[in-house]
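Q: I have a new model on the screen and I want to learn to read it. Where do we start?

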Amino acid sequence: MTKVILDKHKRDWWKSAAFYEIYPKSFQDTTGSGTGDLKGILSRLDYLEKLGIDAIWLCPVCASPQVDNGYDISDFRDIDPIYGTMADMEVLIAEAGKRGIGILVDLTLNHSSSEHFWFREALKSRDNPYHDYYIWRDGDGSVPPNDMRAAFGGSAWTYVPELGQWYFHQFAVEQPDLNWDNPRLRRELYDMMNFWADKGVAGFRLDVIDQIAKDPDRKITANGPRLHEFFRELSREALSREGLVSVGEAWGADPERARLYSAPDGSELSMVFQFEHICLDQQSGGEKWDLAPLSLPRLKECFRRWQQELYGTGWNSLFFNNHDLPRIVSRWGDDGVYRTQSAKMLATMLHGMQGTPFIYQGEELGMTNIRLELEQYQDLESLNLFRERTAQGYDPQDVMRSIRARGRDNARTPMQWTAGENAGFTTGTPWLPVNENHRFLNAEAELADPDSVFHYYRRLIALRKQYDVFRDGRFTLLCPEDPQVFAYTRDTDAAHMLVVCNFSGAEAAFSLPEAFRHAETLIANYPGEPDTLRPWEARILYHE
């Protein structure tokens, strides 16, 4: 299977591409520190080339105190020493490029670290020119400006007695929000992005970018009044180079907004990274920790809306996993007897749709959630949740059940390369425990097995480049109310594709449409084509 290399200077190259997210801290350690590094990624480029991916979304490697695992950046133009040096980054960009792989830098344009030079200057006085790079409100320290809460717990306001002011932070206290109303700040950010573009990166993943136009006085965080004005300026000033791709993380997006974010004219961003489907298995009105069963008809309707309402008018990302989410095979599949089949089914379901697929490290192996004790978790969000909810009277066992199901450390356990010590991730003590199932679930074993999840992902990635219907086909949902089967067609004038998935561990009935009775099978996770779908079975059929 020869990899098709996409021209990264060509407009819209990313519509036929497959992206791969790397969480550097957990990918590959070369120093024995127990933390992954840039040279570790470099050492695994051949593996990624074999998989067939076209670009790497590299979670933050910029200088950071690591309060939020790098999403608290203290210098946007430097590399954190735990990962290496700028020279290492430059080598990685160059060597990945030789293999047809672009690098996307992950940037937190919504906030900085409290250790950033700008914020340290801002603390000196109200008259300091950097003071207005952040969001401040006057007060005497007794009562915050309002009752807004931070995403990681506690008030969204922190008082600075020396200034007699509160500063706003949507996340940790150490992550003050940037004031995008200040044109000088915006200029600094655009210049920084051009610095990275000059280094040769293929583009940017922009963290919580729909929150940059916040209005905390009106308790508006996402989709603030100046958001599209800022997006258009950002596009003009920092994203105008041909082929440069931008991926906007937008928890508050709906299809209508996404059409603006990702308009085909390129006036804002290349694509949206939205989460509506990921929030369907939580209690109505609750948080992600408030678990509820997934309704397959609701999931199908969600995907139908996004597929049809963005068709020809915008572009979506396709994902089930990332560094903030639990492993999908444990969440919606079967991480026991049918782990391989369900991992392949979920991949088939997603990769058959229109959009750019994002594969999170280890997803291509079918990696699973991990079960840890409280003291073993590292994630700030999970630890804060346990403290807050138990203080409110929640049963500690129920809180732990939620953390084990939804905690972000599920995705952050070290990459499972081999069956050996520490899964081949490090010769030292890993910063987060390795999942014990690495003894049978690892890249070395998957590469050696032609029927593995890894090789299934390889074939899916190759098919998306070989058949234009993956990129251009219209989406039609079949059997919308079926509680087991997720089936849909993708059609152009010349080509027709059917994706059939049994989203359950029991056999399921499905009547093949007449037009596909003699169609070619492009890929399937079981041999043969029986009348009844087997547990977690998936197929893609094609005819012209």
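A: Start with the source. This is a predicted model.

Q: Take helices H11 and H12. At what angle do they pack, and how far apart are their axes?

A: Helix H11 spans residues 380-391 and helix H12 spans residues 396-406. They pack at an angle of about 155 degrees. Their axes are 10 Å apart.

Q: Which residues of H11 and H12 meet?

A: H11 brings Ser-382, Leu-385, Phe-386, Arg-389 and Thr-390. H12 brings Pro-396, Val-399, Met-400 and Ile-403. Sorted by class, the residues of this contact are six nonpolar, two polar and one charged.

Q: Which residues of H12 are buried, and what covers them?

A: Buried in H12 are Val-399, Met-400, Ser-402, Ile-403, Arg-404 and Arg-406. The cover includes helix H9 (328-331), H11 and helix H13 (409-412).

Q: What happens at the start of H12?

A: Look at Asp-395 there. One of its side-chain oxygens reaches to within 2.8 Å of the backbone nitrogen of Gln-397.

Q: Now compare another pair. How do the axes of H10 and H15 cross?

A: Helix H10 covers residues 339-351, and helix H15 covers residues 453-466. Their axes come within 10 Å and cross at roughly 15 degrees. That makes H10 roughly parallel to H15. The crossing is right-handed.

Q: Which residues make the contact of H10 with H15?

A: From H10 come Thr-340, Ala-343, Lys-344, Ala-347, Thr-348 and His-351. From H15 come Val-453, Tyr-456, Tyr-457, Leu-460 and Arg-464. By class, the contact of H10 with H15 has six nonpolar, three polar and two charged residues.

Q: And H5 with H6: at what angle do the axes cross?

A: Helix H5 (residues 183-199) and H6 cross at roughly 40 degrees, and their axes come within 9 Å. That makes H5 oblique to H6. H5 passes H6 in a right-handed crossing.

Q: What makes up the contact of H5 with H6?

A: On the H5 side, look for Arg-186, Arg-187, Tyr-190, Met-193 and Asn-194. On the H6 side, look for Phe-230, Glu-233, Leu-234, Glu-237 and Ala-238. The classes are five nonpolar, one polar and four charged.

Q: Where are Val-208 and Asn-223?

A: Val-208 is in the loop between strand E9 (203-206) and helix H6 (227-238). Asn-223 is also in the loop between E9 and H6.

Q: Is Val-208 buried or exposed?

A: Buried means under 20% relative accessible area. Val-208 has 4%, so it is buried.

Q: How do I read burial for a residue such as Thr-413: buried or exposed?

A: Thr-413 lies in the loop between H13 and helix H14 (443-448). Its relative accessibility is 0%, so it counts as buried. Beyond neighbours within four places in sequence, Thr-413 is in contact with Ser-26, Met-367, Ile-370, Leu-432 and Pro-433.

Q: Where does Ser-26 lie, and what does it touch?

A: Ser-26 is in the loop between strand E1 (19-22) and helix H1 (38-43). Ser-26 also counts as buried, at 0% relative accessibility. Not counting residues up to four places away in sequence, Ser-26 touches Gln-361, Arg-412, Thr-413, Pro-414, Met-415, Phe-425 and Trp-431.

Q: What about Pro-297: buried or partly exposed?

A: Pro-297 is in helix H8 (residues 296-309). At 22% relative accessibility, Pro-297 counts as partly exposed. Leaving out residues up to four places away in sequence, Pro-297 touches Pro-480, Glu-481, Asp-482 and Pro-483.

Q: How far apart are Pro-297 and Tyr-526?

A: In sequence, Pro-297 and Tyr-526 are 229 residues apart. In space, C-alpha to C-alpha, Pro-297 and Tyr-526 are 24 Å apart.

Terms used
Residues numbered from 1 in each chain as written. Predicted model: local features only at pLDDT ≥ 70, side-chain atom pairs only at ≥ 80, totals over all residues. Heavy atoms only, no water. Axes fitted to C-alpha atoms, helices over the stretch in contact; angles between N-to-C directions. Helix = DSSP H or I, 4+ residues; strand = E, 2+ residues; numbered from the N terminus. Contact = heavy atoms within 4.5 Å. Nonpolar A, V, L, I, M, F, W, Y, C, P; charged D, E, K, R; others polar. Buried < 20%, exposed > 50% of the residue type's maximum accessible area, 1.4 Å probe, protein only. Polar contact = N/O pair within 3.5 Å; in protein donor to acceptor, adjacent residues only side chain to side chain. Parallel < 35°, antiparallel > 145°, perpendicular 65-115°, else oblique. Left-handed = near helix turned anticlockwise from the far one by under 90°.
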